[in-house]
Amino acid sequence: MSEESNASSAELTMRPIGYIDSPYTRAQHTPEQTLRNPRARGRVVLHKRYAAGLADLAGFDHAWLITWLHQAAPVPADLRVVPLLMRHDTRRIGVFATRYPSRPNPLGLHLIQVLEISGSVVEFAGVDMVHGTPVLDLKPWAQRFDIPGYRPGDNPELDEIRSGWYEQVLANDQSGRSPSP
């Protein structure tokens, strides 16, 4: 069998479901991570046909936002970069061991705080993306699934973070197993 099977080497087509409305217009002026800029506000503006998909997201305090980093520079041929947090160093790290935006597929993964939802717009805090960044997907964040080893009661602060409809389903599930998110 070849190194890459037909399925793994196939071209993919993705269509943005919306875009980011952000105060940042240039990648070099954008914070490195959402948690390093927790108060700055932005908006996910979905195409109207996707507005119904936002139903029930308001019950979650946080969400994962997946974007296409359209202003990222091409990944170096040797797949090694100097991460933003090490920009004053010359050590180059394998791109898959970093969150550096230049990658073979420049996907952005952002943990945002959901503030308000109105129509096809999600107001959020934690901006680390450029205005106009294409949005590919939005998924709810839930401590039960997104924090390795999380157990209710271990950390009261984490227990207070709202996880929407997951909370009710998990509270009603007495089997002890974790259902699929």
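Which strand pairs with E7 over 5 bridges, and in which sense, parallel or antiparallel? Strand E6 (residues 107-118) does so, in the antiparallel sense. Two strands count as paired if DSSP finds at least two bridges between them. Strands (E, at least two residues) and helices (H or I, at least four) are DSSP runs, numbered from the N terminus.

The model is predicted: local features need pLDDT of at least 70, side-chain atom pairs count only at pLDDT 80 or more, and totals for chains, interfaces and linings use all residues. Residues are numbered from 1 along each chain as its sequence is written, and side-chain values use heavy atoms, with hydrogens and water left out.

The protein has 4 helices and 8 strands. Along the sequence, these follow the pattern α-β-β-β-β-β-β-β-β-α-α-α. Of the 181 residues, 33% are buried (under 20% relative accessible area, with exposed over 50% and partly exposed in between; 1.4 Å probe, protein chains only). The accessible surface (Shrake-Rupley method, 1.4 Å probe) is about 11,800 Å², and carbon and sulfur atoms contribute 51% of this area. Contacts are heavy atoms within 4.5 Å. Among contacts with a separation of 6 or more, 72% link residues 24 or more positions apart.

Strand E7 (residues 121-125) is mostly covered, with 4 of its 5 residues buried. Strand E2 (residues 41-46) runs antiparallel to E7 and is joined to E7 by 5 bridges. Glu123 of E7 stands opposite Arg43. Glu123 is also the bridge partner of Glu116. E6 and E7 form a hairpin with 2 residues between the strands, where Gly119 takes a positive phi near 60°.
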